[in-house]
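Work through the exercises below with the coordinates open. Each task is followed by a stepwise solution.

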Amino acid sequence: MTILLDDDRAAVVKAAYDNRQGSSEIEDILLRCKVDDLCAACEALRGRKYLRNSIKCVEIEGA
């Protein structure tokens, strides 16, 4: 799934996923929950089921 974000916001989301193996800040945990909810909603619209915590990485690509 591709989500278009401003560069600074994309960096925040990527950092929240990059830091999940260490001591996660509550803000990182809440942000990952919001991303999971968005992915679940998009998959529901497609008629598919989203598996929670199935995001393995976040990539930032230039436009």
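**Exercise 1.** By about how many helical turns are Lys-14 and Asp-18 separated in helix H1? Then state what joins their side chains, and classify the exposure of each.

Solution. Note first that the model is predicted.
- Step 1: Lys-14 and Asp-18 are four residues apart in helix H1, so about one helical turn separates them.
- Step 2: Their side chains form a salt bridge, with an N to O distance of 3.0 Å. The cut-off is 4 Å, so the pair qualifies.
- Step 3: Lys-14 has 25% relative accessibility, so this residue counts as partly exposed.
- Step 4: Asp-18 has 47% relative accessibility and also counts as partly exposed.

**Exercise 2.** Find how many salt bridges the whole structure holds, and trace the network that includes Glu-43.

- Step 1: A search of the whole structure gives three salt bridges.
- Step 2: One of them pairs Glu-43 with Arg-46, with the closest N and O atoms 2.6 Å apart.
- Step 3: Glu-43 also bridges to Arg-48, at 3.0 Å from N to O.
- Step 4: Glu-43, Arg-46 and Arg-48 are therefore linked in a network of salt bridges.

**Exercise 3.** Is Glu-43 buried or exposed? Classify its two partners as well.

Solution. The cut-off for buried is under 20% relative accessible area.
- Step 1: Glu-43 has 12% relative accessibility, so Glu-43 counts as buried.
- Step 2: Arg-46 has a relative accessible area of 48% and is partly exposed.
- Step 3: Arg-48, with 47%, is partly exposed.

**Exercise 4.** Describe how helices H1 and H2 are arranged, and list the residues that meet.

Solution. Two packed helices are described by the angle between their axes and the distance between the axes.
- Step 1: H1 spans residues 7–18 and H2 spans residues 26–45.
- Step 2: Their axes come within 9 Å and cross at roughly 105°.
- Step 3: Angles of 65 to 115 degrees count as roughly perpendicular. H1 and H2 are therefore roughly perpendicular to each other.
- Step 4: On the H1 side, the contact involves Arg-9, Val-12, Val-13, Ala-16 and Tyr-17. On the H2 side, Asp-28, Leu-31, Arg-32, Val-35 and Asp-36 take part.
- Step 5: By class, this contact has six nonpolar, no polar and four charged residues.

How values were computed
Residues numbered from 1 in each chain as written. Predicted model: local features only at pLDDT ≥ 70, side-chain atom pairs only at ≥ 80, totals over all residues. Heavy atoms only, no water. Axes fitted to C-alpha atoms, helices over the stretch in contact; angles between N-to-C directions. Helix = DSSP H or I, 4+ residues; strand = E, 2+ residues; numbered from the N terminus. Parallel < 35°, antiparallel > 145°, perpendicular 65-115°, else oblique. Contact = heavy atoms within 4.5 Å. Nonpolar A, V, L, I, M, F, W, Y, C, P; charged D, E, K, R; others polar. Buried < 20%, exposed > 50% of the residue type's maximum accessible area, 1.4 Å probe, protein only.
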